[in-house]
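Please look over the sequence and the model first, and then follow the sections below.

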Amino acid sequence: MKCMNCGGTHDVTDFYQGEDYIILCGNCRQKLAMGQLGKVGRPSMGTTKKVSLTLSEDDWNWFDEQAKGNRSQFVRYLIGQEQSPEGRWSNYASLGYAILAGKELGYTDEQITDLVRAINSNFDMKTVDEAKKIYTDSLY
Ligand SMILES: [Zn+2]
């Protein structure tokens, strides 16, 4: 890791200051703390574009709770999740929900096994979006 201000490698630490991801060496951190560093440039994480986002109060509360003080970092995380097939949709997690539901409804182990098998075979036949549409178009 290299200091983004001077390029030095001594005692380098990365941290967040507000929404800015910063990598600085010990010397430059001291300068920053004393206000002698001015605005630190961003590292080569990508191109920064301003986004304006409208959400309900509830959604903002949820968002800020999840973001834990760093909205940019959280949005980057969500984008990463959305782009990875495993992150976007976890077959194992949905089977876990099915098992929980089956137990709650008093299904026998045999019935739960059948349910899990049936769901498993449908994973291969329908896409996530198709399955979503079947649910939202249904009366259940
Ligand atoms: Zn430095």
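## Domains and basis of the model

The domain assignment, whose bounds come from an automatic or database source, divides the protein chain into domain 1 (1-46), domain 2 (57-87) and domain 3 (90-137). Between the C-alpha centres of domain 1 and domain 3 there is a distance of 48 Å.

The model is predicted, and local features need pLDDT of at least 70, side-chain atom pairs count only at pLDDT 80 or more, while totals for chains, interfaces and linings use all residues. Residues are numbered from 1 along each chain as its sequence is written.

## Secondary structure and overall form

The protein chain contains 7 helices and 2 strands, where helices (H or I, at least four residues) and strands (E, at least two) are DSSP runs numbered from the N terminus. Its radius of gyration, taken over C-alpha atoms, is 23 Å, well over the 14 Å that the globule rule (2.2 Å times the number of residues to the power 0.38) gives for 140 residues, so the protein chain is more spread out than a compact globule.

Along the principal axes, the C-alpha atoms of the protein chain fill a box of roughly 70 × 35 × 25 Å.

Tyrosine 16 stands opposite tyrosine 21 in S2.

Technical notes
Pairing = 2+ DSSP bridges.
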